Structure formats: structure tokens, C-alpha cells
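Trainee: I have a structure open and would like to learn how to read its features. Could you take me through a few of them?

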Amino acid sequence: MTRVNVITGFLGSGKTTTLLHLLNHKPADENWAILVNEFGEIGIDGALLADRGATLKEIPGGCMCCVNGLPLQVGLNMLLKQAKPDRLIIEPTGLGHPKQLINMLRAAVYQPWIQLDATLTLLDPHQLADARVTANENFRDQLTAADIVIATKSDRWSDDDRLLLQAWQKQHLGDRQLVESAWGNIDPALLCQPALADRAVPDAAHHHHASRPQGLAALKLEGSARWRRALNEGQGYASCGWIFDGDTVFDTIPALEWARLAPVDRVKGVLRTPDGLVNINRQGDDFFMETRTTTPPDSRIELIHHQSVDWNVLQTTLLKIRLN
């Protein structure tokens, strides 16, 4: 029997950081698997979560709950059959709708194989001040579907953020548990909490996007190509991602400045530099980076914004900061 958790939350709420913390505290005697979905086609989270002690499968290019859930079903079935994990954590895209995913996991066909534990929805209280986010149906429905709400980035909360969280908690939380978290630090025991009784999560009548599943693997280079890019649009957002071959090395400081100053809502990347692997994670003005000694097979970076962007201008600058 595989115990399953869904960890959801809007763009930039801290899902990947939380997953990294959980993987760092995985019981040594347990076999874990991660099924991760991203809005963009490039597959950044797969690179960030690789080599962390769990079997990983990616479903890039939109939302795993769409197209009748076929990409999710295929990925889920492959993981259950091949990895036989003790625990499976599913991370949907921040623009995904939770209802079809949770309903599928509760279907009778899966009951002999999985036990659905608590669904954790991550909430960055700073986003409660953004009317564009709070008006988003997916944002609201993700929180409605939560068994446990994780209020993230508590180390960066302002007084206004705390007041907004208190007001939201009073109006929407009900009898559910609220947990405060900094740097993705949550008690792994939360994963073992039971799923609560069904709540009335609205149907995803509003949930439409142009993304078409590209398969169950992140985008790769073909032939002798040194790099390529991929675009995606939907749910009122647009993304552009680039993948570069393993021989490409970026100038560290210009690459960080490019990511920090790009006029977009969201930046995630894994880049090879003379200083080693650099992980980049930016939401609005919040910018985080870390260096690692492991060497990825390639470099990837993805930008997401709430409206169209002149990607060619950003691409021209990005290409100029390659060292080879």
C-alpha cells in the first residue's frame, strides 16, 4: 500500500522548497516517489529535485489534471508499478485545479493500491494582498481542497502579511489546521495526517488553457542543437523556458542579475557556471539562489508572467552571458 499526499499551492508559494525539506528528512527505511507537474514545458523542478533520494517523474507542459487526467494516470500507474513506493508525493502546477486530481486518487480502482493522506496547500500570505491572485479561481479552490494549510515564508512576513493571514484564517480556515513555515521547514509527520471528509470543492468550469501534454518527460535537446526554447500560455499566464546543452556555462554574476531583473513574476532555473551548479528561484522581488557541487546534464531556466512578454529581448541578453 502506497501512502499518497498532494502538495499544492499557487505559483511561488514554496512547494519545491518544502519538498526539498521533506526529502532531506525522509526516513531511511522508506522508499519515496515524487510526481511533479509544471506549467512550463522545460521541467525545472525535476532538475531541482533530482538526486534527492526519491524516484522522480515529471509531467511538464501545463496541468496534469487536464485532458481527462490521462498524463497523471499514466505517470501514476508507472510509478506505482515500477517504483512500488512507500510514499508518493504529487506536486501539481501552481495553476492547477485540485478537484479532478483528488477525485481520481479516491477512485475505487486505486483503493487496493493507495491510501490518500492529507492534502497540504501552501499559502504565501503576501499573495493575499495581490487582487490578481486572490481573484484567481484556482488559488481559491486549492485552499478549499486543503486538509492542512501551510502558511509559508514566515521569516519574511510583514505586519500587514500577518493581519491578512489572520483575516483569511478567520473567514476561511474553519476547523482545519494552519501551520506556519519558514524555508519549507515543516514537520514530516504532517504527511501522515489523514485526509479529511470531502469538502465542496467547486468544479473546474473556469479551468482552461492552451497547453497540450508533450509526454511524460521534460523537454530535451535534439541532435546537435546547443539550446532551444518552449512557450506556453493559459490561465491568464504565459511562460518561456530555455534548455542548454551540458557544455554551456554561464557567467555567474550576469546570470544572477538577469534572473533578478527580468520583468516577470516568476523565475526558476538550474544553471551551470564556473562556480558550479546554481539554483535560482525568484517570486516577485523575493530572490533565492544556492550553489551545489553536483553537475546537471544541462542548464534550464523558466520565466512566468501574468501577461505577454517580449521573450526575444530577454533571450538575446541570456544568450550573451554564456561563456562558451
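Mentor: Let us begin with Asn-136, which lies in the loop between α5 (131-134) and α6 (137-144); helices (H or I, at least four residues) and strands (E, at least two) are DSSP runs, numbered from the N terminus. This is a predicted model, in which local features need pLDDT of at least 70 and side-chain atom pairs count only at pLDDT 80 or more, while totals for chains, interfaces and linings use all residues. Residues are numbered from 1 along each chain as its sequence is written, and side-chain values use heavy atoms, with hydrogens and water left out.

Trainee: Is Asn-136 buried or exposed?

Mentor: Buried means under 20% relative accessible area, exposed over 50%, and partly exposed in between, with a 1.4 Å probe and protein chains only. Asn-136 has 11% relative accessibility, so Asn-136 counts as buried.

Trainee: Which residues is Asn-136 in contact with, leaving aside its neighbours within four places in sequence?

Mentor: Contact means heavy atoms within 4.5 Å, and on that basis Asn-136 is in contact with Phe-10, Gln-235 and Tyr-237.

Trainee: How do loop residues with a positive phi look here?

Mentor: Lys-84, in the loop between α3 (70-82) and β4 (87-91), has a positive phi of about 50° although it is not a glycine, and Lys-84 counts as exposed because its relative accessibility is 59%. Lys-153 lies in the loop between β7 (148-151) and α7 (159-173) and has a positive phi near 60°, but Lys-153 counts as buried, at 12% relative accessibility.

Trainee: Which residues touch the most other members of the largest nonpolar core?

Mentor: A nonpolar core is a set of buried Ala, Val, Leu, Ile, Met, Phe, Trp, Tyr and Cys residues joined through side-chain atoms within 4.5 Å. The largest one here has 23 residues, and those touching the most other members are Trp-242, Trp-258, Val-264, Leu-303, Trp-311, Leu-314 and Leu-318. Apart from this core lies another, of 20 residues, among them Leu-76, Ala-83, Tyr-110 and Leu-116.

Trainee: How many cavities of 30 Å³ or more are there?

Mentor: Rolling a probe the size of a water molecule over the atoms shows where empty space is left. On a 1 Å grid over the protein atoms alone, a cavity is a set of points where a 1.4 Å probe fits but cannot get out, and lining residues have an atom within 4 Å of a point; grid points are joined across faces, edges and corners, and a volume is the space filled by probe spheres set on the points. The count comes to three cavities of 30 Å³ or more, and the largest cavity has a volume of about 240 Å³. Of the 21 residues that line the largest cavity, the closest to its centre are Leu-11, Glu-38, Asp-45, Arg-266 and Lys-268.

Key:
1 Å grid on protein atoms, 1.4 Å probe; cavity = no way out; pocket = protein on both sides within 12 Å on 5 of 7 lines; lining within 4 Å.
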